[in-house]
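Subject: Structure for you to look at

Hi,

Here is the structure I promised to pass on. Please open it next to this email and follow along.

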Amino acid sequence: TLNTLKNTYGFGVSEVPRLDVQGIPVSSSAIREALQQGNIRQAEMLMGHPYFTFAEDIEKKDAHCLSVRVPAEKMLPKPGNYSGQWRHENIQIHITEDQHMLLYFGLEAPAAVNLIQHPIYWKSL
C-alpha cells in the first residue's frame, strides 16, 4: 500500500529488515508476551534495556513496605514475587492485580516523594 501511495503523495518508503535477538523476532507483542509470562530477562533482551517503572500513588504500609500503583499505560509482569532494585537498594516486589504492587525494603522504606523521583528496576532472573 505504501509503495502504491508514495508516488501520489510524494514520500519515500524504506523497508527495515526484521530484527531478531537470539532467534526471537523483536516486536511489542513478543515483549508483552514475555512480561505476561513473568520472563523479565527475555523482555529486557528484546527491549535492549532494563525493565523499569515509576511509582504513581504510594501508601506506606509499615516501616519496610510501600503499597504502590503504577501508571495505567505501563505493563507490569504477571502477578507474583520478583526481585528488584530502587536506586542502589535491593528490594522485593510483589505484584498483585490492576497496576498495584507492594515493595519491601531491607532498610526503612523511602519517603513517597523520593520513590516517585527514581525508577524501580526489576532484576533479570
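Start at aspartate 98, in the loop between E7 and strand E8 (100-105). Keep in mind that this is a predicted model. Aspartate 98 is not a glycine, yet its phi is positive, at about 45 degrees. Most residues other than glycine have a negative phi. Is aspartate 98 buried or exposed? Its relative accessibility is 54%, so it counts as exposed, the cut-off being over 50%.

Now step back to the loop between strand E6 (80-86) and strand E7 (89-95). Arginine 87 is found there. Arginine 87 is not a glycine either, and its phi is positive too, at about 55 degrees. How does its exposure come out? The relative accessible area of arginine 87 is 47%. That falls between the 20% and 50% cut-offs, so arginine 87 is partly exposed.

Next, the sheet. Which order do its strands take? Read across, they go E3-E9-E6-E7-E8-E5-E4. That makes an open sheet of seven strands, and the pairing is antiparallel. The edges are strand E3 (52-53) and strand E4 (57-62). Each of these two pairs on one side only.

Look inside the sheet at E6 and strand E9 (residues 120-122). These two strands pair in the antiparallel sense, over three bridges. Find glutamine 85 on your screen. Opposite glutamine 85 stands tyrosine 121, in E9.

Then zoom out to the whole chain. Its secondary structure comes to four helices and nine strands. From the N terminus on, the elements run α-β-β-α-α-β-β-β-β-β-β-α-β.

What about the overall dimensions? The C-alpha trace spans about 65 × 30 × 25 Å along its principal axes. The radius of gyration is 19 Å, whereas a compact globule of 125 residues would have one near 14 Å. Of the 125 residues, 31% count as buried.

Last, the surface and the charges. The protein chain exposes about 7,900 Å², and carbon and sulfur atoms supply 52% of that area.

Over to you.

Best wishes

Conventions:
Residues numbered from 1 in each chain as written. Predicted model: local features only at pLDDT ≥ 70, side-chain atom pairs only at ≥ 80, totals over all residues. Heavy atoms only, no water. Buried < 20%, exposed > 50% of the residue type's maximum accessible area, 1.4 Å probe, protein only. Pairing = 2+ DSSP bridges. Rg over C-alpha atoms; globule rule 2.2 N^0.38 Å. Areas by Shrake-Rupley, 256 points an atom, 1.4 Å probe, with all protein chains shown as cover.
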